[in-house]
Amino acid sequence: MTYYVCFLTRGMNSLDTPVEQVMTKPVKTVDRELAVRDVSKLLASEAVGSVIIETEYGRGILTKTDIIDGLSDGIDPDTTPVGDLMTTPVRTTDPGAPLEEAIDTMVEHSIKRLVVDGQANSVGILTTTDVMQELSPDLDRVVEMFAEG
């Protein structure tokens, strides 16, 4: 069914939209030494589901799910640095890449967030919510097509 819906939406051009027109920006970044509790508060206050962590070794991503997993494993949120919980390496895409290509990457790697790279740093993040908001008008048309047919 998913492939059928994607096939139908291909002709509607939303999948050709550049990622930079759909992504969430600016991306939230934090230092790897910040405590999990502090970053949890940031996620809540900014109403975002993840942050990017820039390190001397590269980049990582920390999601609400990573925090929940860490807490269930017994970490102390006041003393554990977020660098201990971050996921590396991060998957990335170019700002000008078509949305379809980014979705393919997300599906292939079973991820809900894709970092959008600029020339020297992260410029945004593409989430499954961003994708659904972009595709929802087309999906409404698909539903109408099924209802009519």
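## Salt bridges across the chain

D117 and R59 form a salt bridge, with their closest N and O atoms 2.5 Å apart. D117 belongs to strand β5 (residues 113-117) and R59 to strand β3 (residues 58-63), so this pair ties together parts that are 58 residues apart in sequence. Is D117 buried or exposed? D117 is buried, with a relative accessible area of 18%, and the cut-off for buried is under 20%.

Keep in mind that this is a predicted model.

| Pair | N to O distance |
|---|---|
| D117 and R59 | 2.5 Å |
| R37 and D78 | 2.5 Å |
| E46 and K28 | 3.1 Å |

Let's look at R37 and D78, which form a salt bridge. This pair links distant parts of the chain, 41 residues apart: R37 sits in helix α2, and D78 in the loop between α3 (64-72) and β4. R37 is partly exposed at 35% relative accessibility, and D78 is partly exposed at 48%.

Next come E46 and K28, whose side chains meet in a salt bridge. E46 lies in helix α2 (residues 36-46) and K28 in the loop between α1 (2-10) and β1 (29-30), so the pair ties together parts 18 residues apart in sequence. E46 is partly exposed at 37%, and K28 is partly exposed at 25%.

Now for the chain as a whole. The chain has five helices and six strands, and 40% of its 149 residues are buried. On the surface, D94, E101, D104 and E108 gather in a patch of negative charge. D94 is found in the loop between β4 (92-93) and α4 (99-108).

Definitions and conventions. Residues are numbered from 1 along each chain as its sequence is written. This is a predicted model: local features need pLDDT of at least 70, side-chain atom pairs count only at pLDDT 80 or more; totals for chains, interfaces and linings use all residues. Side-chain values use heavy atoms; hydrogens and water are left out. Helices (H or I, at least four residues) and strands (E, at least two) are DSSP runs, numbered from the N terminus. Buried means under 20% relative accessible area, exposed over 50%, partly exposed in between (1.4 Å probe, protein chains only). Patches are made of residues with over 30% relative accessible area and no salt bridge: like charges are joined within 9 Å, nonpolar side chains (Val, Leu, Ile, Met, Phe, Trp, Tyr) within 5 Å. Accessible areas come from the Shrake-Rupley method with a 1.4 Å probe; for residues, only the protein chains shown count as cover. A salt bridge is a side-chain nitrogen of Lys or Arg within 4 Å of a carboxyl oxygen of Asp or Glu. Lys and Arg count as positive and Asp and Glu as negative; His and the chain ends are not counted. The place of a charge is taken as NZ of Lys, CZ of Arg, CG of Asp or CD of Glu.
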